[in-house]
Amino acid sequence: WNNVSENRQDCMKFHSTEIESILIWGQPLAPTGTPPRHATQGIIDAVYQYAPGNIQAAGATTTFNQLVAMLEPMYQFQSDAGSAKERLVLCDAQAMRVFHEIGRLYGQVTMDLNTTTFGMQFTEFKIYKGILRLVEHPLFNGIPLANGFCIVVDLPSMAIAYMQGRDVKKEEYDSSKDSTNNGQDAVGGSLLSEFATEFRLPASCGVITGLTAGVA
């Protein structure tokens, strides 16, 4: 453990965060005087463009049946007919709380004298159409406007199209390895990835906004 290994770990974390940000939001490019364009598109923008019917707005309260109704359009199509109908739900803390509230209201807790912990923590949400795997994403928690927000992703419908030789290119340099950096007293380097996102079936994904409270 030293400062070099710590900085390398930080670099990898920052690099993976940037990749996830691009997969979710894309990389917008809007030159002055021209309509907005994208260097590569994110899943949210792809749903708004190609599957607007899969954008669902929750009410002030949400019941189990209402949640199922919002999810149904995202199961109308399946990108991989041979796989189980699974979706990944990436959400902020408020949306995750709503999923848990609905789970607690429609479930039952049993405890006995030997119980030393209590409560529920859900990682999956099952409906008649399939399974949804719940993940609270820290990037959504950093955006105040995303309160009660989640995206439903059909993972087989997405892919990363790397440019040749650009799937995380690692470079290291210091005075002993690179003659152009003589005089530097520290190890340096960079990680570079160049890719575009590929969406084979945006209609199997969706966006839910405004999740506020779960009720029976």
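How exposed is R97: buried, partly exposed or exposed? R97 is partly exposed, with a relative accessible area of 45%. Keep in mind that this is a predicted model.

## The R97–E101 pair in α4

R97 has a charged partner: its side chain meets that of E101 in a salt bridge, at 3.7 Å from N to O. Both residues sit in helix α4, which covers residues 93–105, and they are four residues apart, or about one turn of the helix.

E101 counts as buried because its relative accessible area is 17%, under the 20% cut-off. R97, at 45%, is partly exposed.

## The sheet

Now for the sheet. It is open, has six strands in the order β3-β12-β7-β4-β6-β5, and its pairing is mixed. β3 (55–57) and β5 are the edge strands; each has a single partner strand, so one side of each has no neighbour in the sheet. On average, neighbouring strands are turned by 20° against each other, ignoring direction.

Both kinds of pairing turn up around β6. With β4 the strand runs parallel, and six bridges join the two; one of the pairs involved is R87 with L132 of β6. With β5, β6 pairs in the antiparallel sense over four bridges.

Two helices lie against these strands. α4 packs on the sheet and touches β4, β5, β6 and β7, with its direction at about 135° to that of β6. α3 lies across β3, β5, β6, β7 (150–153) and β12 (206–209), and runs at about 85° to β5.

β5 spans residues 124–127 and β6 spans 130–136. The two strands form a hairpin with two residues between them.

A search of the whole structure gives five salt bridges. Among them is one between E198 and R200, whose side chains meet at 3.7 Å, N to O. E198 is partly exposed, with a relative accessible area of 35%.

## Around S79

Which residues does S79 touch, leaving aside its neighbours within four places in sequence? They are D154, P156, S157 and L201. S79 itself lies in the loop between α3 (64–71) and β4 (86–91), and counts as partly exposed because its relative accessible area is 29%.

Two of these contacts can be given in more detail. The side chains of S79 and D154 are joined by a polar contact of 2.6 Å. The S79 side chain also reaches the backbone nitrogen of S157, at 3.5 Å. As for L201, 122 residues separate it from S79 in sequence, yet the C-alpha atoms of the two are 6.2 Å apart in space.

Terms used. Residues are numbered from 1 along each chain as its sequence is written. This is a predicted model: local features need pLDDT of at least 70, side-chain atom pairs count only at pLDDT 80 or more; totals for chains, interfaces and linings use all residues. Side-chain values use heavy atoms; hydrogens and water are left out. Buried means under 20% relative accessible area, exposed over 50%, partly exposed in between (1.4 Å probe, protein chains only). Two strands pair if DSSP finds at least two bridges between them. Contact means heavy atoms within 4.5 Å. A polar contact is a pair of N or O atoms within 3.5 Å; within protein, one must be able to donate a hydrogen and the other to accept it, and residues adjacent in sequence count only if both atoms are side-chain atoms. A salt bridge is a side-chain nitrogen of Lys or Arg within 4 Å of a carboxyl oxygen of Asp or Glu. Axes are lines fitted to C-alpha atoms, for helices over the stretch in contact, and angles run from 0 to 180 degrees between N-to-C directions.
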